Amino acid sequence: MSKTIIVSNRLPVRISEGADGPELQPSEGGLATGLASIHKQEGNIWIGWSGLYIADADQQAYFRTALKKQQLVPLFLTEEEINGFYEGFSNEVLWPIFHYISTYANYDINNWETYKRVNERFRDAVLEHAEANDTIWIHDYQLLLLPGLIRQALPDATIAFFQHIPFPSQELFRLIPWRSELLGGMLGADLLGFHTFDDVRHFVSSATRLSPIHSRFNRLEVDGRAVFAEPYPMGIDSEKFARLSVDEGVLKRVRELKQNFDGQKIILCIDRLDYSKGIIQRLNAFELLFSEHPEYLKKITLYMVVVPSRDTVPEYRRLKEHIDQLVGNINGRYGTFDWYPIAYFYHGYPMEEITALYNAADICLVTPMRDGMNLVCKEYVACRKNLDGILILSEMAGASKELIDALIVNPNNIHDIRDALLTALDMPREEERRRMENMRALVFKFTVHHWARLFMNRLKEIKSLQQSTKARLVHEEINDRIISAYRQASSRLLLLDYDGTLVGFHDDIDKASPDEALYTLLNALDRDVANHMVIISGRKHQTLDKWFNGTRYSLVAEHGVWTKDPETPWRLKSGLSNRWKEEVGVLMESYADRTPGAFVEEKSFSLAWHYRKVETGLGILRANELIDSLKNFSSTFGLQLLDGDKVVEIRSAEVNKGRATLDILHGNHYDFILAIGDDRTDEDTFEVLPETAITIKVGDVMSAARYYVKRWQDVRQLLGSLIQ
């Protein structure tokens with residue numbers, strides 16, 4: 001029976017130092033809550049670091065036994081591994097780069113080597129427990145290499161990865177010296193989940209620009225395997241916060257807080273100590289509010305909770321000192337003997353105290369400089385059962401894409417934050433209620449349990465898609481069936497595309513001429529009198545004539561505009577007009593002029609705009625713009641637009657490979673038909689052939705073909721096996 005293996009840097013429990021030594025404590029994190037329903041299913045396990053350096057072998061054995069009862073498998077890292085893997089590479093390279101603060105990055109190669117080694121330790125732990133049909137769900141930036149490492153050991157495994165922090169633009173990601181290795185690791189997954197569509201877009205851009213990976217929207221082709229990158233905004237356990245909000249102990253604490261701040265509005269912010277949280281800018285905005293609007297003195301209080309984090313690291317220690325100084329200055333300047341503008345607390349709190357604060361606060365101020373999701377804002381909304389309270393939210397937090405009824409601010413603009421505070425302090429009760437009602441509906445619908453269920457269901461769909469695609473791959477058994485049918489046939493038709501099918505693509509289209517091996521292969525096929533071989537291409541007829549002059553096989557050029565049978569001259573399809581070419585050509589040339597590397601190829605009755613040499617993102621952008629501009633011409637002149645592999649072609653709608661194929665079939669009978677092609681134009685051929693025909697697509701994108709092969713080299717190998 002298959003199981004799910006969850007893998008994360010930390011286990012959903014904490015091993016902490018107690019009075020009598022290390023002891024187990026449950027974790028209250030969002031991930032632990034969200035995956036609890038999956039983790040607790042019979043047979044499932046969770047693998048992760050114990051969170052504490054434990055050198056004693058007996059203590060390790062004790063915790064292994066204790067954790068096994070909770071379906072947990074601990075890793076015990078050495079002090080060197082903790083420093084290099086977690087404190088070092090994860091938090092000194094990945095964290096600052098992924099949060100767009102590249103100046104804090106420290107590219108220490110020793111930390112990189114430790115990061116690799118610890119990811120390998122996680123792989124070994126997974127392989128000790130994984131079986132063929134298991135699902136492996138890996139979490140977050142500390143384990144970017146792990147999907148690829150497991151894929152190498154288990155090629156057919158079901159592997160998912162979720163990124164809980166932002167993914168940076170490729171301009172930033174490429175700063176990392178080991179970017180290729182990190183991408184290769186991530187692409188070992190079948191499904192990559194991110195909080196926002198922006199993160200998906202950045203990842204796809206990095207994968208296609210920094211590695212030889214092709215994509216179609218959010219689908220990437222990796223070694224013949226379809227990999228999907230998709231947004232899955234993480235929710236919270238809303239019902240848990242709703243229940244806590246009516247707990248008697250919590251309600252008592254809410255009354256105490258309101259009494260302590262009687263006559264004042266409480267503005268709450270809760271953050272971990274980190275330079276990505278925008279704490280300094282928030283304090284500056286608060287000071288600006290008082291300097292310009294002294295009428296709010298003694299009427300509002302900023303209740304600021306900062307949870308300690310890595311304050312032994314120099315950057316964090318300096319941040320803590322800066323916060324302390326700013327709070328002291330503001331309280332000193334505006335405070336009185338019976339009131340301070342900022343109530344500042346530098347320590348963590350249990351969930352009950354946090355829930356009380358959420359219920360007591362009139363305004364929640366969440367202004368990170370960059371955040372993957374940020375669940376504080378959702379927790380605040382879940383607690384506001386009376387439909388009161390106002391949320392001010394940074395546009396740089398992933399949650400801002402969902403909680404659009406919050407007051408959205410730019411965290412770098414202290415005037416923007418000040419204005420949002422003024423709006424919140426003066427907001428009519430009816431508007432406050434409307435905004436909160438909308439946000440609560442969303443938070444209670446898209447919970448963390450919904451997030452986990454949605455993600456796992458999608459993973460199953462993707463694996464099913466991969467399996468159905470894999471079943472059509474021309475493997476040894478299918479290859480043998482094709483050979484058997486070929487040998488039994490007495491009259492055969494072979495329809496072969498050229499570029500991308502018989503030869504690979506070249507940046508210079510004139511350099512993709514046939515090599516001696518291809519001539520030898522085609523001539524050997526042609527010598528069999530039972531074969532009628534046709535090269536059916538989008539190339540100019542002059543080019544095909546130059547390459548295949550003197551051969552005995554048929555040629556179809558420009559998708560069917562020109563045809564040539566052995567020992568006969570070229571024939572032009574009748575009734576075609578090219579009056580449109582001059583006007584359309586001017587437009588296409590204008591796009592080529594402003595797109596370095598693009599060029600226009602003129603054929604008898606078509607024009608092709610090639611962007612093989614253009615920078616990846618720019619080429620796709622210009623191609624889409626050109627297609628939009630050409631749509632009017634296609635309807636006016638009766639033309640067809642083709643979006644091919646790094647080429648946009650416009651031609652007469654009366655011409656395509658499908659019609660050329662029907663002309664070949666007309667009046668002829670074949671008991672074996674083989675058609676092979678690699679792009680959209682070949683779909684026309686596949687669609688008109690009888691069901692008994694063997695149709696093969698080069699590449700595993702969606703196709704009308706019955707089978708596919710991965711590369712053009714596989715086409716030559718298949719054709720060679722027919723000869724043998």
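Predicted model: local features only at pLDDT ≥ 70, side-chain atom pairs only at ≥ 80, totals over all residues.

Q: OK. How many helices and strands in the protein chain?

A: The protein chain has 25 helices and 29 strands.

Q: And what box do the C-alpha atoms fill?

A: Roughly 105 × 65 × 45 Å, along the principal axes.

Q: What share of the residues counts as buried?

A: 57% of the 724 residues.

Q: What about contacts between residues at least 6 apart in sequence?

A: In 70% of those contacts, the partners are at least 24 apart.

Q: Switching to the surface. What is the accessible area, and how much belongs to carbon and sulfur?

A: About 31,600 Å² for the protein chain. Carbon and sulfur atoms account for 48% of that.

Q: Charges next. How many positive and negative, and how far apart are their mean positions?

A: There are 84 positive and 102 negative charges. Their mean positions lie 2 Å apart.

Q: Now the packing. Which residues have the most contacts inside the largest nonpolar core?

A: Val7, Ile47, Leu182, Leu192, Phe203, Leu283 and Met304. That core has 99 residues.

Q: Which helix gives this core its largest share?

A: Helix 3, residues 79-98, with nine residues.

Q: Back to Leu283. What does Leu283 touch, leaving out residues up to four places away in sequence?

A: Leu302, Met304, Ile323, Leu326, Val327, Ile330 and Ile342.

Q: What other core lies apart from it?

A: One of 42 residues, including Ile482, Leu502, Leu576 and Phe605.

Methods. Residues numbered from 1 in each chain as written. Heavy atoms only, no water. Helix = DSSP H or I, 4+ residues; strand = E, 2+ residues; numbered from the N terminus. Buried < 20%, exposed > 50% of the residue type's maximum accessible area, 1.4 Å probe, protein only. Contact = heavy atoms within 4.5 Å. Areas by Shrake-Rupley, 256 points an atom, 1.4 Å probe, with all protein chains shown as cover. Lys, Arg positive; Asp, Glu negative; His and termini not counted. Charge placed at Lys NZ, Arg CZ, Asp CG, Glu CD. Core = buried A, V, L, I, M, F, W, Y, C linked by side-chain atoms within 4.5 Å.
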